[in-house]
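Here's a quick walk through a protein model with a ligand in it.

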Amino acid sequence: MTSLDQTSIAELSGRFSGVLLGPDAFGYDDVRRVHNGMIDRRPALIARCLGSADIADAINFARTYGLDLAVRGGGHNVAGRAVCDDGLMLDLSLMKGIHVDPARRTARAQGGVTWREFNRETQAHGLATTGGVISTTGIAGLTLGGGLGWLMAKHGLAMDNLLSAEVVTASGDIVRASNDENADLFWGLQGGGGNFGAVSWLEYRLHPVGTVTSGLIAYSFDCARDVLKFFREITSVGMADDLTIFGALLHAPDGAQIAVILACHCGTLSDAEATLQPIKKFGTPIMDTIGPATYEATNMMLDAGFPRGALNYWKSNFMMELSDQAIDTLISQFAACPSPMSGLLLEHIHGAATRVGVSETAFPHRSEGYNFLVVSEWLNPADNARNIAWARESYDVMHPHFTSGRYVNYLGDDDGEDAVAAAYGPNHQRLRTLKAKYDPTNLFRMNQNIRP
Ligand SMILES: Cc1cc2nc3c(=O)[nH]c(=O)nc-3n(C[C@H](O)[C@H](O)[C@H](O)COP(=O)(O)OP(=O)(O)OC[C@H]3O[C@@H](n4cnc5c(N)ncnc54)[C@H](O)[C@@H]3O)c2cc1C
């Protein structure tokens, strides 16, 4: 279908609570934009939903008129899955409802909420759940794909804290999924991304989290080998669940290359002091910001490094070990980095995030290890080719050190179907069967697609 039937749009708008935007409408250009400035797609219609009934009507409309359908939660997917050319963009970003039940330690939040908004409400009660590492990402996309974050070693991945969800399926039905209701669908939502429907509400388990001990400790680049070896040493010795740490090669605000350890300890201040002392005593840092902070502030400490509209190209893969050779490769590759906004990250995973069976949820990566992430980020479109080439090369030179698994939320547009299979490993076939049940015609395909 190339042009939309105006009578049908008028009929939809007659009962729609939210806003329908066509290409000529005021605000269209702003709303179609997502976090990654590389993405420049023009949907035929944007449906800015206010509730589940709007979502159902928009899904029925897309299905009836054979339109491509993209679902936007927080709009942070680097591959730009939240928006499509010519089709219908189902935009949930006006859906900001959040209700915290402090007695039950749960929170219900709508599909357009970001972690910053979620934390603000839960932290008012001294509670939190695992979110991402920065606060501007959407809760929905991040949770449905897994959710690596500062509290994951203590409380599991974001999706491990999902208690239930309300889903609008490809047939337009509004269903609830939990361990007790549509349990097969709930299993698929825990890692299977947006493949099974548009999620209007997510209910999370919360935990008492107030002041944590967090920040980063930075060293000059000529110490990078020692710093990464030290990072390997501390991540190899059965770390406390309270502590989540990442190692990284980044740029300082003045553009200087630095080696960094980022940490968040969510236990008592005295435990944190004892646990973090070896890190704080290591070498001669040029900066050390590790200290007490609210969890809310911790989730925002890296936000400034990821401005909306910057140009992004990311690649990632899981690694079980960090060999001397891998460390040397990381350092020489980072030395050639063309942008002062880019970095190479090692997100360490252990503790509660690894104490879940491989097939208990759709997300199968439950071994202790690292997620290697190339964040290539720049501002000038004239530099696109150079920065994309550097990211691809960084991924390729690290390839000999990878294990087979990939994290679905970091997959790029050019990663292909094999990457989705690698992301789901032994759970892929079961997900395909589930997809055939809930979305047999693959209406929800503008995502890291599981084919029915
Ligand atoms: C700066 C930055 C930092 C990040 N940090 C982390 C991190 O710390 N940890 C981590 O695990 N990941 C992180 N990510 C990756 C992130 O998890 C994914 O990009 C995720 O898709 C973002 O969720 P979103 O709702 O913002 O996605 P969107 O771009 O809105 O959507 C992406 C896809 O998710 C699905 N989706 C979104 N909302 C819904 C919904 N309500 N119902 C059904 N499907 C939906 C759709 O299939 C959509 O195609 C980061 C990404 C960026 C750009």
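Let's start with Tyr65, which is partly exposed because its relative accessible area is 24%, and that falls between the 20% and 50% cut-offs. Keep in mind that this is a predicted model. Phe61, by contrast, counts as buried, with a relative accessibility of 6%. What arrangement do the rings of Phe61 and Tyr65 have? Their centres are 4.8 Å apart and their planes meet at 45°, so the pair is tilted.

Phe118 belongs to helix α4 (residues 115–123) and Tyr204 to strand β10, so the pair ties together parts that are 86 residues apart in sequence. Are these two buried or exposed? Phe118 is buried at 0% relative accessibility, and Tyr204 is buried at 0% as well.

Altogether the structure holds 15 aromatic pairs. There is also an aromatic cluster made up of Phe306, Trp314, Phe363, Tyr407 and Tyr410. One of its members, Tyr407, turns up again at the ligand, where it is among the closest residues.

Rings take part in charge contacts too. Arg108 places its charged end over the ring of Trp201, 4.4 Å from the ring centre. Lys315 does likewise with Tyr395, its charged end sitting over the ring at 5.2 Å from the centre.

Now for the ligand. How many residues surround it? The count is 35, and the closest are Gly73, Gly75, Val133, Leu148 and Tyr407.

| Residue | Protein atom | Ligand atom | Distance |
|---|---|---|---|
| Gly75 | backbone N or O | oxygen | 2.6 Å |
| Val133 | polar backbone atom | oxygen | 2.6 Å |
| Leu148 | polar backbone atom | nitrogen | 2.7 Å |

On its own, the ligand has 950 Å² of accessible area, and the protein covers 98% of that. Which elements give two or more residues to the shell around the ligand? They are β3 (69–72), α5 (139–145) and β10 (198–205). Of these, α5 gives the most, with four residues. Sorted by class, the shell has 17 nonpolar residues, 16 polar ones and two charged ones.

Asn182 has a positive phi of about 45° although it is not a glycine. Asn182 sits in the loop between β9 (174–178) and α7 (183–189), and it is partly exposed, with a relative accessible area of 32%.

Asn442 also has a positive phi, near 60°, and again the residue is not a glycine. You'll find Asn442 in the segment after α14 (428–438). Is Asn442 buried or exposed? Its relative accessible area is 9%, so Asn442 is buried. The side chain of Asn442 also makes a polar contact of 2.7 Å with the side chain of Asn449.

Methods:
Residues are numbered from 1 along each chain as its sequence is written. This is a predicted model: local features need pLDDT of at least 70, side-chain atom pairs count only at pLDDT 80 or more; totals for chains, interfaces and linings use all residues. Side-chain values use heavy atoms; hydrogens and water are left out. A residue is near a molecule or strand if one of its heavy atoms lies within 4 Å of it. A polar contact is a pair of N or O atoms within 3.5 Å; within protein, one must be able to donate a hydrogen and the other to accept it, and residues adjacent in sequence count only if both atoms are side-chain atoms. Accessible areas come from the Shrake-Rupley method with a 1.4 Å probe; for residues, only the protein chains shown count as cover. Ala, Val, Leu, Ile, Met, Phe, Trp, Tyr, Cys and Pro count as nonpolar, Asp, Glu, Lys and Arg as charged, and the others, Gly among them, as polar. Rings of Phe, Tyr and Trp (its six-membered ring) pair if their centres lie within 6.5 Å; planes under 30 degrees apart count as stacked, over 60 as edge-to-face and the rest as tilted. Buried means under 20% relative accessible area, exposed over 50%, partly exposed in between (1.4 Å probe, protein chains only). A charge sits over a ring if NZ of Lys or CZ of Arg is within 6 Å of the ring centre and within 35 degrees of the ring normal.
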